Amino acid sequence: MSRYNVLKFNVVPSTMDLAKTYAAQGYPEWTVILATEQTGGRGRYGRSWFSPRGGLWFSVILRPKFEVYYTSLIGFAAAVAVVEAIRELTNLEAFVKWPNDVLIKDKKVAGILVEATLLADRVEFVVLGIGVNTNISSKEAPNDLRNRICSLKELVGKEIQNETMMVAILDKLSLLYSHIPEKAHVIIDKWKSYSSTIGSLIRAKVRGREIYGRAIDVDSLGRLLIRTGEGAVIRVDVGEVIHLREVS
Ligand code: BTN
């Protein structure tokens with residue numbers, strides 16, 4: 001635990017905002033803001049993130065030395081770290097859905113949010129938020145979410161130690177992070193090996209546009225390559241992916 005400076009809180013609006021405040025005050029890399037509950041947990045695309053007591057909700061301050069260009073790899077490293085920690089601690093087969101959702105049996109068990117603060121053309125700091133549905137009850141989630149999420153406790157039938165899970169994630173993440181940029185292929189190769197997206201028929205929502213096709217690969221920066229029905233290959237850097245059922 002001592003390698004990371006963990007600041008623990010009870011109920012907070014969002015660990016993202018707290019971490020940003022600490023980062024702006026000069027707190028060093030690997031300062032971690034951990035909360036038992038969030039009242040305004042945030043997800044990607046400004047969505048809210050269901051964060052009741054029982055789950056693992058934390059944000060990490062990072063101060064990358066690499067070019068802005070590589071920032072997206074932090075999310076991929078975090079997704080790999082979460083998948084590996086879940087697999088090791090629970091034996092459950094977790095997968096990644098592009099770009100960095102973590103799923104078990106097609107239900108979301110963890111999410112990752114990367115928010116970078118820029119100073120001119122460089123990254124001043126990054127706040128990496130990780131939320132893992134460890135010991136929450138999916139039945140208590142809002143209606144629209146209930147059937148799309150799962151929790152580790154529900155799947156393994158016993159309580160998960162949140163801090164053990166967090167340290168396992170951080171240990172894996174710090175090693176993967178040290179590979180950016182020179183050995184970033186290690187992150188991408190691992191990500192691909194855990195991917196449920198590659199090979200799937202998908203619908204991608206990209207900047208207001210919809211693309212249908214088969215996900216065929218991700219490149220060295222994590223961009224998704226989609227082969228459309230017409231045979232064109234489209235490279236997507238941001239967006240949301242829905243896996244479609246194959247009709248044979
Ligand atoms: C997503 O999949 O949409 C990303 C979810 C990220 C949730 C985590 S929980 C800890 C941190 N604090 C937040 O408000 N969000 C992130």
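Which residues does T15 touch, not counting residues up to four places away in sequence? I looked this up first. T15 touches I33, L34, A35, Q38, W57, F58 and S59. I take contact to mean heavy atoms within 4.5 Å.

**Ground rules.** I am working on a predicted model, where local features need pLDDT of at least 70, side-chain atom pairs count only at pLDDT 80 or more, and totals for chains, interfaces and linings use all residues. Residues are numbered from 1 along each chain as its sequence is written, and side-chain values use heavy atoms, with hydrogens and water left out.

I placed T15 in helix α1, residues 15-24. Helices (H or I, at least four residues) and strands (E, at least two) are DSSP runs, numbered from the N terminus. T15 has a relative accessible area of 2%, so I log T15 as buried. My cut-offs are under 20% relative accessible area for buried, over 50% for exposed, and partly exposed in between, with a 1.4 Å probe and protein chains only. I also checked T15 against V32, which is 17 residues apart from it along the chain. Their C-alpha atoms are separated by 9.1 Å.

T31 came next. T31 sits in strand β2, residues 31-38. Its relative accessibility is 0%, so T31 counts as buried. Leaving aside neighbours within four places in sequence, I find T31 in contact with N5, L7, S59, V60 and I61. S59 is on the contact list of T15 and on that of T31.

**Whole chain.** I count 6 helices and 12 strands. The C-alpha trace spans about 50 × 45 × 30 Å along its principal axes. For 248 residues a compact globule would have a radius of gyration near 18 Å, and the protein has 18 Å, which agrees. That radius is taken over C-alpha atoms, and the globule rule is 2.2 Å times the number of residues to the power 0.38. Of the 248 residues, 50% count as buried. Among contacts between residues at least 6 apart in sequence, 63% join residues at least 24 apart.

The accessible surface comes to about 12100 Å², and 51% of it belongs to carbon and sulfur atoms. The areas come from the Shrake-Rupley method with a 1.4 Å probe; for residues, only the protein chains shown count as cover. I then looked at charge. There are 33 positive and 27 negative side chains, and the centres of the two sets lie 3 Å apart. Lys and Arg count as positive and Asp and Glu as negative; His and the chain ends are not counted. Each charge is placed at NZ of Lys, CZ of Arg, CG of Asp or CD of Glu.

**Strand β8.** Which residues of β8 lie on its covered face, and which on its uncovered one? In β8 (residues 201-206), I202, A204 and V206 are on the covered face. L201, R203 and K205 are on the uncovered face. In a regular strand the side chains alternate between the two faces of the sheet.

β8 pairs with β9 (residues 209-218) in the antiparallel sense over 6 bridges. Two strands pair if DSSP finds at least two bridges between them. V206 stands opposite R209 in β9. The two strands form a hairpin with 2 residues between them. R207 in that turn has a positive phi of about 45 degrees. R207 is exposed, with a relative accessible area of 62%. β8 also pairs with β12 (residues 240-243), antiparallel over 4 bridges. There, A204 has V241 as its bridge partner.

β5 (residues 101-104) and β6 (residues 107-119) pair antiparallel over 3 bridges. L103 stands opposite K108. The hairpin has 2 residues between its strands, and K105 in the turn has a positive phi of about 45 degrees. D106 is in the loop between β5 and β6. Its phi is near 65 degrees, positive in a residue other than glycine. D106 is exposed at 64% relative accessible area.

β6 goes on to pair with β7 (residues 122-132), antiparallel over 10 bridges. A110 stands opposite V132. I logged a hairpin here too, with 2 residues between the strands and a positive phi of about 55 degrees at A120 in the turn.

**Cis bonds.** The peptide bond from W98 to P99 is cis, with omega near -5 degrees. P99 lies in the loop between β4 (95-97) and β5. I180 and P181 are also joined by a cis peptide bond, with omega about 5 degrees. P181 lies in the loop between α5 (162-177) and α6 (184-193).
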